[in-house]
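Hi there,

Here is the structure I promised to pass on. Have a look at it first, and my notes follow below.

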Amino acid sequence: MRLFLIYYLSIQEDIPNDVMQEYEDALVRAGCDLSPLRYIKGIRAYTRSGGLGGGFENLLAGVKNFLPAKKDLPVTRIIESIMEPGGGTNDTNEEFLYFDPKVSRASNAKMPRTRTPFQEAIVFIVGGGNYVEYQNLNEFAQRQTIKKKITYGSTEVLSPKEFLLQLVMLGKEQ
């Protein structure tokens with residue numbers, strides 16, 4: 001079911017009704033609960049009718065960030081920018097707070113950012129984390145000349161089954 005949902009969310013065009021019925025029949029034969037698909041189809045129909053004003057297209061763009069690709073995800077690019085202040089192509093790290101434990105609190109606020117690269121980082125996502133971000137950060141850390149240590153955490157990491165159950169529950173709330 002998860003694989004089909006990724007496919008369904010990643011295509012722009014509508015699937016013809018007869019083809020969609022074949023997909024659904026195959027999923028049922030495979031023992032899948034169609035509740036998550038019904039929920040996603042409902043959201044897609046609602047947004048296409050103007051209900052969210054392009055919100056579904058933004059969701060699709062977000063989903064495509066998690067599809068396998070040979071590029072770094074946004075969280076990895078941010079961490080690279082922070083850990084390698086001189087090497088990044090964007091200056092987004094200037095927006096993040098900087099605390100140096102070696103400097104007193106009074107002078108910390110006025111202290112300019114160091115341009116020294118960091119070797120360790122703790123990345124904590126408020127909300128749902130995922131294995132793809134974790135893996136992408138690990139790959140970034142390992143491909144550095146001097147290996148970096150990145151610890152990843154989040155408020156919640158759902159198993160694949162828990163994710164589908166959340167979609168089922170969301171469908172029941174409508």
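Which residues form one aromatic cluster? They are Phe 4, Tyr 7, Tyr 8 and Tyr 23.

Before the details, a word on the source. This is a predicted model, so local features need pLDDT of at least 70 and side-chain atom pairs count only at pLDDT 80 or more, while totals for chains, interfaces and linings use all residues. Residues are numbered from 1 along each chain as its sequence is written, and side-chain values use heavy atoms, with hydrogens and water left out.

**Overall layout**

The chain has 8 helices and 2 strands, taken as DSSP runs numbered from the N terminus (helices are H or I with at least four residues, strands E with at least two). Along the sequence the pattern reads α-α-α-α-α-α-β-α-β-α. Of the 174 residues in the chain, 29% are buried (under 20% relative accessible area; exposed is over 50% and partly exposed in between, with a 1.4 Å probe and protein chains only). Taking contacts with a separation of 6 or more, 63% come from residues 24 or more positions apart, where contact means heavy atoms within 4.5 Å.

**The aromatic residues**

Rings of Phe, Tyr and Trp (its six-membered ring) pair if their centres lie within 6.5 Å; planes under 30 degrees apart are stacked, over 60 edge-to-face and the rest tilted. By this rule there are 6 aromatic pairs. One of them joins Phe 4 and Tyr 7, which is tilted because the ring centres are 5.8 Å apart and the planes are at 50 degrees. Both residues lie in helix 1 (residues 2-10), 3 residues apart, or about one turn of the helix. Phe 4 is buried at 11% relative accessible area, whereas Tyr 7 is partly exposed at 33%.

Arg 44 lies over the face of Tyr 8, 4.6 Å from the ring centre (the rule asks for NZ of Lys or CZ of Arg within 6 Å of the ring centre and within 35 degrees of the ring normal).

**Helix 5 against helix 7**

The axes of helix 5 (residues 74-83) and helix 7 (residues 131-142) come within 9 Å and cross at roughly 35 degrees. These axes are lines fitted to C-alpha atoms over the stretch in contact, with angles from 0 to 180 degrees between N-to-C directions. On the helix 5 side, the contact is made by Val 75, Thr 76, Ile 79, Glu 80 and Met 83, and on the helix 7 side by Glu 133, Asn 136, Leu 137 and Phe 140.

Thr 76 is buried, at 0% relative accessibility. Leaving aside residues up to four places away in sequence, Thr 76 touches Asn 136, Leu 137 and Phe 140.

Best wishes
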